[in-house]
Amino acid sequence: MRRPRSLLSVAVTVFILLLSAVTAGEVPGTADDVRGNGRCHALVLLYHRIAISTPDEPAALRSNTVSPRAFAAQMQYLHDQGYPIVSYGQVVSCLADGVPLPKYAIVITFDDGYRGSYRHALPVLMKYGMTATFFVATSVVDSGTELTWEQVKDLDAKGMTIGSHSRSHCYLTGVYETVLIREIEESKRIIESHLGKPTEFFAYPFGDANKRVIEAVRKAGYLSARGTNRTEFGRQENAFMVASVGVGDSLPGLIKIVKRCYP
Ligand SMILES: [Zn+2]
C-alpha cells in the first residue's frame, strides 16, 4: 500500500447548526493498525456546512461552517499527500468482515443535508476522484434552502453514499419508543424510496446514542452507525459507533487532525 508522499426549512437548519457541536480528540496511530476485528484504523472526517459565513451569524453556526475555499485547500492537501480516501462502507467491511483498509485511510462525511455540500463540496470531490458519505436528516431535504431530493439523487449517481441522519434531527436518547422507531425507520424508508436502493448507514444526530438507540438502529436494518466526538477518533472498533472528528475552517486545523491520527 502506497504511503502518503510526505510523512506524512431555515429554522430547522439553524436549529441543527446551533446544536451540532464538534470537537477534535487525540490518538497516536500505529503503522500496522490496519485490519479488522477491532483493528480497523480509519480517520473519519465530519463536515457540516460548507458555506461563506457572515459576521452576523451565531458563533455556533460559524463553528460548524467550513468555507468553500478552506474545504478545497483541505481536499487538495489530502490528495497531494496521497492519503487514500475510502468509502464509509469500506470501514464497515473492515469492522464486520475483517477486510483490510489501506494504511492512512481517510473517510469524508457530511451531516445534516446542507446545500453547500452539493454546491461547493461535490465539485471538489469530483475533481480529485474522492468519494464521501452524506448523512441527511430527511425533514431538511426539500425544506427550502438546503439539499433537494434531486441533488441527493445526483450525489448518489456521482458515486457518493447517502446515509440517514434521522428524520427530524432530535436527541434520540430522549424520545419515546414510537418516535425513536419513526426517526430511524421512516428516514431509511424515505431515502430508499427516492434512491431505489438500500440505505445501510446511519449517523446519530448530535452523536447522541445509548444501548436502546443502537439496538433500534440495528433492528431497523442498518449495517453501521457513525458517532461524533470520540477521543480515539482513528481507531475504529464498533460498527454501530464509528468514531469521527469534526473539521474546522482551516487547512492547518485539518493537518493537525491528520497528523494526530497518523503521526
Ligand atoms: Zn447533525
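This is a predicted model: local features need pLDDT of at least 70, side-chain atom pairs count only at pLDDT 80 or more; totals for chains, interfaces and linings use all residues.
Residues are numbered from 1 along each chain as its sequence is written.

The protein has 9 helices and 10 strands. These elements are DSSP runs, numbered from the N terminus: helices are H or I runs of at least four residues, and strands are E runs of at least two. Of the 263 residues, 46% count as buried. A residue is buried if 20 or more other C-beta atoms lie within 10 Å of its own, exposed if 12 or fewer do, and partly exposed in between, with C-beta atoms placed from the backbone.

Helix 3 covers residues 68-81, and at 1.5 Å a residue its 14 residues should span 20 Å, which agrees with the 20 Å between its end C-alpha atoms. The expected span is 1.5 Å times one less than the number of residues. The buried residues of helix 3 are F71, Q74, M75 and L78. They are on the same side of helix 3 because they cover an arc of only 95 degrees around the axis; the arc is that of the directions from the helix axis to the C-beta atoms. These buried residues pack against strand 2 (49-50), strand 3 (65-66), strand 4 (105-112), helix 5 (116-127) and helix 9 (251-261). Contact here means that the C-beta atoms of two residues, placed from the backbone, lie within 7 Å. Just after helix 3, G82 has a positive phi of about 80 degrees.

Two packed helices are described by the angle between their axes and the distance between the axes. For helix 3 and helix 9 the angle is about 35 degrees and the axes are 9 Å apart. Axes are lines fitted to C-alpha atoms, for helices over the stretch in contact, and angles run from 0 to 180 degrees between N-to-C directions. Helix 3 contributes A70, A73, Q74 and Y77 to the contact, and helix 9 contributes L251, L254 and I255. By class, the residues of this contact are 6 nonpolar, 1 polar and no charged. Ala, Val, Leu, Ile, Met, Phe, Trp, Tyr, Cys and Pro count as nonpolar, Asp, Glu, Lys and Arg as charged, and the others, Gly among them, as polar.

In helix 6 (residues 149-157), Q151, V152 and L155 are buried. These buried residues fall within an arc of 105 degrees seen down the axis, so they line one face of helix 6. E150 and A157, on the other side of helix 6, are exposed. The cover over the buried residues of helix 6 includes helix 5, strand 5 (133-136), strand 6 (161-164) and helix 7 (177-195). Just after helix 6, G159 has a positive phi of about 90 degrees.

D112 is in strand 4 and counts as buried, with 25 C-beta neighbours inside 10 Å. H169 is in the loop between strand 6 and helix 7 and is buried, with 25 other C-beta atoms within 10 Å.

S87 lies in the loop between helix 3 and helix 4 (88-97). With 19 C-beta neighbours inside 10 Å, S87 counts as partly exposed. Leaving out residues up to four places away in sequence, S87 touches T131 and T161. S87 and V44 are 43 residues apart in sequence, and their C-alpha atoms are 9.7 Å apart in space.
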